[in-house]
Amino acid sequence: MTTSRHAVTSTPLHPLLATRHSTRAFAADASVTKTQALALMEAARWAPSCGNTQPTRFIVGRKESSTFGRILATLTPGNHGWAQYASMLVVSVATLENKKGPLPYAEYDAGQAMSHLVVQAMAEGLTVRQMAGFDKEMVSKEFDLAATQKPLSCAAIGVAGDPAALPDDLRGPDDSPRDRLPLDELILAD
């Protein structure tokens with residue numbers, strides 16, 4: 001049984017935000033078009049960054065590319081089991097310094113870039129599940145990243161599939177209600 005994916009909020013949110021969720025079920029026969037992939041990267045590129053340093057880089061693998069398989073090989077076994085059905089895998093990489101020196105907000109900026117990517121994906125009719133379960137050292141070696149570049153997260157992107165087709169141990173989050181801490185626990189001062 002799949003429950004409602006609409007967030008219960010204290011005030012209305014834009015539908016792209018209210019319906020966003022991280023499924024593990026992807027339609028294996030679907031694909032992300034080149035135009036869609038480009039739109040996702042443009043959305044990430046135009047995210048704000050501290051001092052316009054633009055420290056985020058991406059390793060992008062559409063399913064039909066060798067890069068997809070190279071990224072997939074870095075995932076933990078639990079993530080590999082479902083992410084292999086995504087249409088695209090993207091690793092976000094923070095550049096921690098540039099020629100002017102350290103970029104202390106690079107990781108924050110990379111998070112903003114990924115957030116923009118997610119919203120654009122939703123607008124494109126796609127879904128995104130981000131994960132930390134991948135071998136960051138392996139990514140650094142496999143893609144010859146500089147010492148100042150830090151892989152942060154991996155995102156599986158594609159068309160949402162049927163969660164009922166997932167094994168029980170993977171389907172759990174898709175069958176659970178969306179839940180967040182109440183606002184009064186998040187707001188430290190008002």
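## Ser31 and its loop

Ser31 sits in the loop that joins helix H1 (15-18) to helix H2 (34-45). The model is a predicted one. Is Ser31 buried, partly exposed or exposed? Ser31 is partly exposed, because its relative accessible area is 44%, which falls between the 20% limit for buried and the 50% limit for exposed.

What does Ser31 touch, apart from neighbours within four places in sequence? The contacts of Ser31 are Gln36 and Ser87. Ile59 is another story. Ser31 and Ile59 are 28 residues apart along the chain. Their C-alpha atoms are separated by 18 Å.

## Helix H2 against helix H5

Two packed helices are described by the distance between their axes and the angle between those axes. Take H2 and helix H5 (residues 106-123). Their axes come within 7 Å. They cross at roughly 140 degrees. The crossing of H2 past H5 is right-handed.

Which residues make this contact? On H2 they are Ala39, Leu40, Met41, Ala43 and Ala44. On H5 they are Ala113, His116, Leu117, Gln120 and Ala121.

How many salt bridges does a search of the whole structure find? The search finds 4. One of them joins the side chains of Glu42 and Arg45, with 2.8 Å from N to O. Both residues lie in helix H2. They are 3 residues apart, about one turn of the helix.

Glu42 has 32% relative accessibility, so Glu42 counts as partly exposed. Arg45 has a relative accessible area of 47%, so Arg45 is partly exposed too.

## Two further salt bridges

Glu64 and Arg62 also meet through their side chains in a salt bridge. The N to O distance is 2.9 Å. Is Glu64 buried or exposed? Glu64 counts as exposed, because its relative accessibility is 52% and exposed means over 50%.

Arg70 and Glu142 form another salt bridge, at 2.5 Å from N to O. Arg70 lies in helix H3 (residues 66-72), while Glu142 lies in helix H6 (residues 136-142). The pair therefore ties together parts that are 72 residues apart in sequence. Arg70 is partly exposed, with a relative accessible area of 30%. Glu142 is partly exposed as well, at 35% relative accessibility.

## Ser49, a buried loop residue

Ser49 is in the loop between H2 and strand S1 (56-62). Why does Ser49 count as buried? Its relative accessibility is 18%, and buried means under 20%.

Which residues does Ser49 touch, not counting those up to four places away in sequence? Ser49 touches Gln54, Pro55 and Asp109. Now follow the chain from Ser49 to Ala106. These two residues are 57 residues apart along the chain. The C-alpha atoms of Ser49 and Ala106 are separated by 7.8 Å.

## A nonpolar patch

Which residues make the nonpolar surface patch of about 400 Å²? The patch is made by Leu181, Leu183, Leu186 and Ile187. Leu186 belongs to helix H8 (residues 183-186).

Methods: Residues numbered from 1 in each chain as written. Predicted model: local features only at pLDDT ≥ 70, side-chain atom pairs only at ≥ 80, totals over all residues. Heavy atoms only, no water. Helix = DSSP H or I, 4+ residues; strand = E, 2+ residues; numbered from the N terminus. Buried < 20%, exposed > 50% of the residue type's maximum accessible area, 1.4 Å probe, protein only. Contact = heavy atoms within 4.5 Å. Patch = residues over 30% accessible without salt bridge, like charges linked within 9 Å, V, L, I, M, F, W, Y side chains within 5 Å. Areas by Shrake-Rupley, 256 points an atom, 1.4 Å probe, with all protein chains shown as cover. Axes fitted to C-alpha atoms, helices over the stretch in contact; angles between N-to-C directions. Left-handed = near helix turned anticlockwise from the far one by under 90°.
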